2 protein chains.
Amino acid sequence: MNKTFGPYRRLRQRSREIAFVSSASELLSWDLETYMPPKGLDFRAEQLAYLSGQAHRLWTAKTVGAWIAACEQQGFASDSPEAANVREWRRGYDRATKLPAALVEKFERTRALAREAWREARQRSEFGTFRPHLEKLLDLNRQKADCLGFQESPYDALLDGYEPGTRASQLRTLFQELRPAIGAILGAALERSAAVPKDLLQGHYPLAAQQAFNREVAAAIGFDFEAGRVDATTHPFCSTAGPGDCRLTTRYRETDFTYSLYSILHESGHGLYEQGLPAEHFGTPLGSAASLGIHESQSRLWENHIARHPAFWEHWHPIACRHFPELKALAPAQLTAAVNRVTPSFIRTEADQVTYDLHIILRFEIEVEMLEGRLAVADLPAYWNEAFEKMIGLKVTKDAEGCLQDIHWSLGDLGYFPTYTLGNLNAAQLMARAQTECPGLEAGLARGEYNLLLGWLRDKVHRHGLRYPPQELMRLATGEPTSAVHHLLCLRRKFN
Amino acid sequence: MNKTFGPYRRLRQRSREIAFVSSASELLSWDLETYMPPKGLDFRAEQLAYLSGQAHRLWTAKTVGAWIAACEQQGFASDSPEAANVREWRRGYDRATKLPAALVEKFERTRALAREAWREARQRSEFGTFRPHLEKLLDLNRQKADCLGFQESPYDALLDGYEPGTRASQLRTLFQELRPAIGAILGAALERSAAVPKDLLQGHYPLAAQQAFNREVAAAIGFDFEAGRVDATTHPFCSTAGPGDCRLTTRYRETDFTYSLYSILHESGHGLYEQGLPAEHFGTPLGSAASLGIHESQSRLWENHIARHPAFWEHWHPIACRHFPELKALAPAQLTAAVNRVTPSFIRTEADQVTYDLHIILRFEIEVEMLEGRLAVADLPAYWNEAFEKMIGLKVTKDAEGCLQDIHWSLGDLGYFPTYTLGNLNAAQLMARAQTECPGLEAGLARGEYNLLLGWLRDKVHRHGLRYPPQELMRLATGEPTSAVHHLLCLRRKFN
């Protein structure tokens, strides 16, 4: 019994074919955001819909189900890589085939309209425009959850699409610990931050100098520019066009070089994960990221635990000064203080390290309330504004800065937000473990040496792909499932 | 009977699907040449092979043949657009299905190896390395011609893939007129050119200034940058990723701005044709270029008849001076003289307007001789060198500058080269007709006004797509099939 077993080989082959099509879509989407001329849009949108339909058809063919069943019946050793592929193929196949085609199509059509309505609604800060669309998407998400099946909450069925095996009840426990603890840290953090002038880093940082510096930093942490590149887009992202081809994007402010730098560090974290996945398994679960919460842990780890660590600017300050001579007027510690400034904000994507998870907890609560039928969409803005003020202390006056700010719900994505906080928790937990297991790691940071850390991440996380479900991966890597302990420890150490 | 006839609708739908896949390949290929990181190559090559296989499978399905047969049986009015689509679908289907899969695969494998061998052979200027590969490709091309069928020469079957309906015997007649006539012009042209210093335009032209000037010129002749863009590659090309998305590339020499400018003008000519094809027919013959010889006529027309015309620099000299202040030292007439300098060269792609077609005639003769069995591949270098010296007067000392210079044969493309000369002839013929039919055209050129000409080309050529076979299109546009008359008239007027 080995991987040359016919049905297994066919599944690998089919996965490869789907990877050809899906990677083409990835590149077409990347191009849409980077270089496509505006008049290319209509055709590109149709083309992407066609290709995603093709990938879906390739995967939901009856013969695929038969191959999976044959693999299950023959049985691979339960701890073998092959068994992991079969486990995830089954999961993916069931998720893809349990939904009736009519529901999928209705979902796609509703999404397309909702997205446009959301753009308009956000621009005018007018929730009413988006409301009927969100109602439809909520209803379709309930239907989706019913089709997929769940034990405790319909939320679990949706969450499972992003974070295999995690349940809403587990998140609730985590978040119940997290919320008051963050509240307790916030006061002191705000006090410390008040001493850091808001415009400390304001200056003129030419685009080309930012690009050169960002590239130097990304290469230093290990991003392979022979197997990747950086371009400019409105919203930063990381996209993989194939093994050996990972593309990061960022955006620039000439008045603030940290705006592009920290987004490049974040995306490089994603990119390092993608570049560390085993290329020979590309297109199969063994060559794929374990979950969104694991993916986000890699970006947060480099962005927050490395690049917001005092040692970071000790090493990089003199180099940054070569690119931006005006930074000579500042000490490394001032740079560290500036990039760790805590200040409550309306917008999640601009949130600091302390308040960020409060934004997520709010969204999680709202999603569960709506999905389980205790919160009507019509009452969403009032609910949001009240809860937001209670949590973060700011009074929302515009829905554009409140419940309309994120694109996720307009895409019909419910259950996605918690993976950001899981990423924060996983990052702290992985970092703590890496420091324990690699004695020289901390000292290396001040010399700009990251190979110990990257090597550890490659070994404990990247090379496994989706061999283990995310919580098992965390247990294997750190000895325990995701908890809030290390994240809170870090925040307290930094801000209290 | 109309275009909602079931099988016709299905063929349109299938063409659309193939366009989605083929356009994805186009973009992936463009990206491979422009932005792909080096380690992306292996996967990209496999992906492109898979996608081209998919497009082929979609088109050669038995059901496609049945739909075409149904359309033929029902019958569309012979002058209708639908009939044109059906005619070309039949042609394409037959060409695609007449070749046995085994032959196609063998051809692909042989090509892949031949291309690598050619690169090596050219680099070392060592024909022996390439010889066995060319022998195989020649043999496979003979088999291909046999499968496709022909009446006079196997060459016709191959040529038909690039220039529908044209035969080797017609080319021979054209070239027999062309060759001595060019020879007669060449002497005087060389004398005139001797008076123009070779380094007249040598200078320092910064990249950014070249890009800005090229863009201004391309936009002025009508290239729509909302529906296209320009990037840098080793070899310039024009690639279409969808209706409304046409991509040109060029390369730069900082010592010579005309190097990038004239290649952008050439590619813009291709781009204007692509942008002028009817978008609603994209993916069907009605939305496709008529032939390579027509495509090349569009690039040559703008490159040679417009941008090497004295009126061009009368208008553009002052604008060019804003981008390149050192050009103030020159008069417009000097620029015109410099870009029309005639000098024999070994390399086809560097050839001037007079000698260019001699390079093509040589290749055509060799291809026919080889294909019809009168010239052995082993004797190619000696044949080339002797014929080249007789025609162009230079003694070839390295095969890299002789029979190894072009990539075409290594790709297995025989029958392609003549379309370059057809392009030259068609360009002159179309230009002559446009001048007759648009009285203000010539005067407009000196004012940098190109809309009369572009409008005429849109009306006579672009909007028809492949509605008419190329020679019929030429007859409809100019009153006669492709001839050498106008091309020779132009050359004589300019150089004698």
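Copies of a chain are superposed here by least squares on the C-alpha atoms of residues with pLDDT of at least 70 in both. On this basis, chain B is brought onto chain A by a rotation of 180° with 0.0 Å of shift along the axis, leaving an RMSD of 0.1 Å, and this is the relation of a two-fold axis. The structure is a predicted model, in which local features need pLDDT of at least 70 and side-chain atom pairs count only at pLDDT 80 or more, whereas totals for chains, interfaces and linings use all residues. Residues are numbered from 1 along each chain as its sequence is written, and chains are lettered from A and ligands numbered from 1 in the order in which they are written.

Among the residues of chain B, A24(B) comes closest to the rotation axis, its C-alpha atom lying at 3.3 Å. The same surface serves both copies, since 100% of the contact residues of chain B recur in chain A, where two residues are taken to be in contact if their C-beta atoms, placed from the backbone, lie within 7 Å. The contact draws 28 residues from chain B and 28 residues from chain A. On the side of chain B that touches chain A, the elements that give two or more residues are α1 (6-34), α2 (41-60), β1 (228-232) and β2 (238-242) of chain B; helices (H or I, at least four residues) and strands (E, at least two) are DSSP runs, numbered from the N terminus. Of these elements, α1(B) gives the most to that side of chain B, with seven residues. The residues on this side of chain B divide into 15 nonpolar, six polar and seven charged, with Ala, Val, Leu, Ile, Met, Phe, Trp, Tyr, Cys and Pro counted as nonpolar, Asp, Glu, Lys and Arg as charged, and the others, Gly among them, as polar.

The strand β2(B), which contributes to this contact, is also largely enclosed by the rest of the structure, because five of its five residues are buried. A residue is called buried if 20 or more other C-beta atoms lie within 10 Å of its own, exposed if 12 or fewer do, and partly exposed in between, the C-beta atoms being placed from the backbone. Four bridges join β2(B) to strand β3 (residues 245-250) of chain B, and the two strands run antiparallel; strands are said to pair if DSSP finds at least two bridges between them. Within this pairing, T240(B) has C246(B) of β3(B) as its bridge partner. β2(B) and β3(B) form a hairpin with two residues between them, and G244(B), in the turn, has a positive phi of about 85°.

In chain A, an open sheet of three strands has the order β1-β3-β2, with mixed pairing. The strands β1 (228-232) and β2 (238-242) of chain A stand at the edges, each with a single partner strand, so one side of each is left without a neighbour in the sheet. The twist averages 25° from one strand to the next, axes being lines fitted to C-alpha atoms, for helices over the stretch in contact, and angles running from 0 to 180 degrees between N-to-C directions. β1(A) pairs with strand β3 (residues 245-250) of chain A in the parallel sense over five bridges, and R229(A) stands opposite R247(A) in β3(A). Helix α1 (residues 6-34) of chain A lies across β1, β2 and β3 of chain A, and runs at about 135° to β2(A).

The domain assignment of chain A gives domain 1 (1-97) and domain 2 (99-496), bounds that come from an automatic or database domain assignment. The centres of these two domains of chain A, taken over C-alpha atoms, are separated by 26 Å, and their contact takes 19 residues from domain 1 and 18 residues from domain 2. On the side of domain 1 that touches domain 2, the elements giving two or more residues are α1 and α4 (81-98) of chain A, and α1(A) gives the most, with 12 residues.

Two individual residues complete the description. S410(A), placed in the loop between α15 (380-392) and α16 (418-437) of chain A, counts as buried, with 23 C-beta neighbours inside 10 Å. Residues up to four places away in sequence not being counted, S410(A) touches A114(A), R115(A) and W118(A). Q471(B), in helix α19 (residues 470-478) of chain B, is buried with 22 other C-beta atoms within 10 Å, and, its neighbours within four places in sequence left aside, Q471(B) is in contact with G165(B), T166(B), P481(B) and T482(B).
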